[in-house]
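Reader: I am new to this one. Can you show me how to read it, feature by feature?

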Amino acid sequence: MSVASPTLREILDKCTRFLTEKRVDSPRLSAELLVAEALGGSRLDLFLDLDKPLREPELARIRPLLVRRGSGEPMAYILGRREFYGLDFHVSPEVLIPRPDTELGIERALTMFSRDECFFFADVGTGSGALATTLLTLFPYAHCIATDISFGALRVAQNNLLRHRVGDRCLLVQGNLLGHLGPSRLDLIVANLPYIGERNTASLSREVLDFEPHLALFGGADGDELFVPFLEDVQRVVAPGGGLLMEVDPVQVPGVCHLLQWVFSRKTEIGVYKDLGGHERYIQARFA
Ligand SMILES: C[S@@+](CC[C@H](N)C(=O)[O-])C[C@H]1O[C@@H](n2cnc3c(N)ncnc32)[C@H](O)[C@@H]1O
C-alpha cells in the first residue's frame, strides 16, 4: 500500500506547529520563508500551489533548515541575506544582522549632503557594510573608508560592496576604530559601534545572544567602552565643518552629547533623532 505524499499546505502547517513548540518568533512566517527557500521559489509561489504533493527529495531539503530555525537561529543567517534600505545584503554569523533602526543613519546622511556632492566618509565598525554600501549607492560621487576589527566581517562587507558595484569607491581596513588613520579631513564619520552593556545580557533574546557575534553587540560592562576612544579618533580625522552620525542606546544619549561637547567644543551643533519605535537612536553632530 503506498502512502500519499503530504501536500504543501500540510507541510506548512506541520512546520508551523514544530516552530511554535520550539517557541520561535513568527513561526508561520518562518515556516513559509524556509519552505519557499528549500523549494527554490518565493512565498507567493507557495500560495499558488498549496495542494501540490511534496516528494521525499523536497522534504529532505526542508528538514535541515527547519531544525536550524527550531534551534533559534535567526532567519537572516539561515537564508544568508537581509534587506536594508531596499538593498539585499549577504549576511553570515560573522556580522550583526542589519537592523531597521540603523536606516535612520541613512536618512540623516541624506539631510547632510546633496546627492551629487563629492565627499569622503568613514564607516567605523562596518560589519556587513550595510551603512557604507547604502551610502555609496545613494551618493555616487562619495568615497569611503570602512573599518572593522573583525576580518570575517570585512570579508562580508567586501562581498556586499562588490555585489552593489560600489567596491571601487571604498577602502576596507582591519583595525581598532580609526586608530590606523593619521590626521585627516573626512567630511563625515558614521558609526554603529557595539553599545550593549554586558550587564544587560538578560534583556537580549536567545536569537541575538546565542547567534549574533558578541564583538558586534557588547561595548564593555555598560556598553559605552568604545565611545571615548572613538570620539578622540573622530577629533583627529574630521574636517572642520565635518559631521558625525552615531547610533547609540537611548539611555546613552545624554552621556554621549556631554562627551561630544567636552571632546570638541560647546559650539558643536548636536541633534538627536528617534528611530521607528520612537526611541532616541542617532546623534548627529556638525563640528565648528
Ligand atoms: C553593532 S555592529 C554594526 C555593524 C554595521 N555597521 C551595522 O550597522 O549593521 C558593530 C561592528 O563594530 C565592530 N567592532 C567592534 N569593536 C570594534 C573596534 N574596536 N574597532 C572597529 N570595529 C569594531 C564589530 O566587529 C561589528 O562589526
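This is a predicted model: local features need pLDDT of at least 70, side-chain atom pairs count only at pLDDT 80 or more; totals for chains, interfaces and linings use all residues.

Reader: Which side-chain atom lies 2.8 Å from an oxygen atom of the ligand?

Author: For a polar contact, look for N or O atoms within 3.5 Å of each other. A polar side-chain atom of N192 is the one at 2.8 Å from a ligand oxygen. The backbone takes part too. T126 places a backbone N or O atom 3.3 Å from a nitrogen atom of the ligand. I149 also has a backbone N or O atom 3.3 Å from a ligand nitrogen.

Reader: Now the chain as a whole. What domains does the assignment give?

Author: Read the bounds, then the spacing. Domain 1 spans 8-72, and domain 2 spans 81-286. Their C-alpha centres lie 35 Å apart. In the contact, 9 residues come from domain 1 and 4 residues from domain 2.

Reader: How is the size of an interface often given?

Author: It is often given as the accessible area lost when the parts come together. Between domain 1 and domain 2, about 460 Å² is buried. Carbon and sulfur atoms give 27% of that area. On the domain 1 side, E37, S71 and G72 lose the most area to domain 2. Together these three make up 67% of what that side buries.

Reader: How many salt bridges are there between domain 1 and domain 2?

Author: Look for a Lys or Arg side-chain nitrogen within 4 Å of an Asp or Glu carboxyl oxygen. The count between the domains is 2 salt bridges. R81 forms a salt bridge with E37, and their closest N and O atoms are 3.0 Å apart. Polar contacts are counted as well: 3 residue pairs between domain 1 and domain 2, both residues at pLDDT 80 or more.

Reader: Which classes of residue does domain 1 present where it touches domain 2?

Author: Sort by class once again. That side of domain 1 divides into 1 nonpolar, 3 polar and 5 charged residues.

Note on methods: Residues are numbered from 1 along each chain as its sequence is written. Side-chain values use heavy atoms; hydrogens and water are left out. A polar contact is a pair of N or O atoms within 3.5 Å; within protein, one must be able to donate a hydrogen and the other to accept it, and residues adjacent in sequence count only if both atoms are side-chain atoms. Domain bounds come from an automatic or database domain assignment. Contact means heavy atoms within 4.5 Å. Buried area is the accessible area (1.4 Å probe) that two parts lose on being put together, summed over both. Ala, Val, Leu, Ile, Met, Phe, Trp, Tyr, Cys and Pro count as nonpolar, Asp, Glu, Lys and Arg as charged, and the others, Gly among them, as polar.
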